[in-house]
Amino acid sequence: MTGSKGWILMVLLVAAALMLSPYATACAQGTGTAKEKTTGADSKKVSTADATPVYKPPLRGSPGGRVGGGTRGASLEAPVSLSVLVPDHVGLTLQSQPSLYWFISRKPAQPIEFTITEKDAIKPLVEARLSPLEKPGIQCIRLADHGIQLRPNVLYKWFVAVITDTDRRSRDILSGGMIEVVAASPELSTKINQAPKAQQPFVLAEEGFWYDALAGVSDRIAGAPKDLSLRKQRAALLEQVGLNEAAEFDRKEAH
């Protein structure tokens, strides 16, 4: 009996080993598949983070675009590059008090002035000296801070100027652009409201709302100034409308 029991036990052990081996292999394959799925998910996250908004200009036929800008050094201790961050056509916004963005390559000692006016008006809505800059780079003007609201379907011109000589304003370093407020269609409102906050600038850019797309990315950068993916998103928007110097400065700021 003892020998018979020993033989039976041996058979059972071999059978158990044969049964466990495929199970172990299946577990290993399952683990490997799970890792691949996790890697795929991580890859998807990376690709989403690395995605950039694509700006599609509106088909409205509105005239106008950027004016002035460039680098000048007259009456300055060093050359300065100034540009408003707008496309080379009338930029659209959904907001009556949008944020306006502009770029300056360094901090000048001279005062900086902001003006905004209706396209054919003589008297500006706002003509104000801006506070001294904390640092060069991309700057923001919030119309709410100036207590004005833009009217829908009216073209506005806005300018930023470095005043190099208060007695000779023709020497100003000046850059300007145009803006128009339009109402959102019900379809657009639904699309924006259903999009996650991180994706809203993508929707706005694709729908042709330059100012809102730029503000959406910029607000996220303000909350995470060292987030390289957000800087890349804004730089991509700027490059799409030919604002390469501001885009390059923005990329460097992330490091």
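**Task.** Decide from its relative accessible area whether Trp158 is buried or exposed.

**Solution.** Start with the scale: a residue is buried under 20% relative accessible area, exposed over 50% and partly exposed in between, using a 1.4 Å probe and protein chains only. Trp158 has a relative accessible area of 0%, so this residue is buried. Now widen the view to the protein: buried residues make up 38% of its 255 residues.

Before you go on, note that the model is predicted, and that local features need a pLDDT of at least 70, side-chain atom pairs count only at pLDDT 80 or more, while totals for chains, interfaces and linings use all residues. Residues are numbered from 1 along each chain as its sequence is written, and side-chain values use heavy atoms, with hydrogens and water left out.

**Task.** Find out which element has the lowest mean pLDDT and which the highest.

**Solution.** First, the term: pLDDT is the predictor's confidence in each residue, from 0 to 100. Next, the overall picture: the protein averages 81, and 74% of the residues score at least 70. Then look at the elements, which are DSSP runs numbered from the N terminus: helices (H or I) have at least four residues and strands (E) at least two. The protein has six helices and 10 strands. A contact means heavy atoms within 4.5 Å. Keep one reading rule in mind: where pLDDT is low, predicted coordinates should not be read in detail.

**Task.** Work out which parts of the chain are linked by the aromatic pair of Phe103 and Phe249, then do likewise for Phe114 and Trp158.

**Solution.** Here is the rule: rings of Phe, Tyr and Trp (its six-membered ring) pair if their centres lie within 6.5 Å; planes under 30 degrees apart are stacked, over 60 edge-to-face, and the rest tilted. The structure holds three such pairs.

- In one of them, Phe103 and Phe249 sit 5.4 Å apart, centre to centre, with 65 degrees between the planes, which is edge-to-face.
- Phe103 belongs to strand 5 (residues 99–104) and Phe249 to helix 6 (residues 244–253), so distant parts of the chain, 146 residues apart, are linked.
- Phe103 is buried because its relative accessibility is 1%, whereas Phe249, at 22%, is partly exposed.
- Phe114 and Trp158 have ring centres 6.4 Å apart and planes at 65 degrees, so this pair is edge-to-face.
- Strand 6 (residues 112–118) holds Phe114 and strand 9 (residues 155–162) holds Trp158, so the pair ties together parts 44 residues apart in sequence.
- Phe114 is buried, with a relative accessible area of 0%.

**Task.** Explain why the buried residues of helix 6 count as lying on the same side.

**Solution.** Begin by listing them: Ala246, Ala247 and Asp250 are buried in helix 6. They cover an arc of only 100 degrees around the axis, so they lie on the same side of helix 6. The arc is that of the directions from the helix axis to the C-beta atoms. Finally, ask what they pack against: the partners are strand 5, strand 8 (137–142), helix 4 (210–223) and helix 5 (228–240).

**Solution.** Side chains of opposite charge can pair when their charged atoms come close. Here a salt bridge is a side-chain nitrogen of Lys or Arg within 4 Å of a carboxyl oxygen of Asp or Glu. The structure holds 10 of them.

- Arg151 and Glu118 form one, with their closest N and O atoms 2.7 Å apart. Arg151 is in the loop between strand 8 and strand 9, and Glu118 is in strand 6, 33 residues apart.
- Asp172 and Arg169 meet at 2.7 Å, N to O. Salt bridges link Glu113, Arg129, Arg169 and Asp172 in a network.
- Glu239 and Arg251 meet at 3.0 Å, N to O. This pair links helix 5, which holds Glu239, with helix 6, which holds Arg251, 12 residues apart. Glu239 is partly exposed at 33%, and Arg251 is partly exposed at 25%.
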